[in-house]
Amino acid sequence: MKNKLKVYRAMHDLTQEDLAQELKVTRQTIIAIEKHKYDPSLGLAFKIARFFKVRIEDIFLDDE
């Protein structure tokens, strides 16, 4: 699944470590999501969307 996590993180001037701490995940998790190597759980996707105050669909894009 493609995503715009890196874009949203940059718009909010956050490092990968900053975002990881806010979401209570590891920096490696953020890196893997940004590199499209890991699709977050639905719970984590909702948490990310709530953090940035956007819809899940604004950050995560369906490959189809």
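1. T29 touches Y38 and L44, leaving aside residues up to four places away in sequence. Contact here means heavy atoms within 4.5 Å. T29 sits in helix α3 (residues 27-34). Helices are DSSP runs of H or I with at least four residues, numbered from the N terminus. T29 counts as buried because its relative accessibility is 19%; buried means under 20% relative accessible area, exposed over 50%, and partly exposed in between, with a 1.4 Å probe and protein chains only.

2. A word on the basis. This is a predicted model, where local features need pLDDT of at least 70 and side-chain atom pairs count only at pLDDT 80 or more, while totals for chains, interfaces and linings use all residues. Residues are numbered from 1 along each chain as its sequence is written, and side-chain values use heavy atoms, with hydrogens and water left out.

3. How many aromatic pairs does a search of the whole structure find? Two. Rings of Phe, Tyr and Trp (its six-membered ring) pair if their centres lie within 6.5 Å; planes under 30 degrees apart are stacked, over 60 edge-to-face, the rest tilted.

4. Y8 and F52 form a tilted pair, 5.7 Å centre to centre with 50° between the planes. This pair links distant parts of the chain: Y8 lies in helix α1 (residues 5-11) and F52 in helix α4 (residues 42-52), 44 residues apart. Y8 is buried at 13%. F52 is buried too, at 5%.

5. F51 and F52 pair edge-to-face, at 5.0 Å centre to centre and 80° between the planes. F51 is partly exposed, with 28% relative accessibility.

6. Taken together, Y8, F51 and F52 make one aromatic cluster.

Methods: Helix = DSSP H or I, 4+ residues; strand = E, 2+ residues; numbered from the N terminus.
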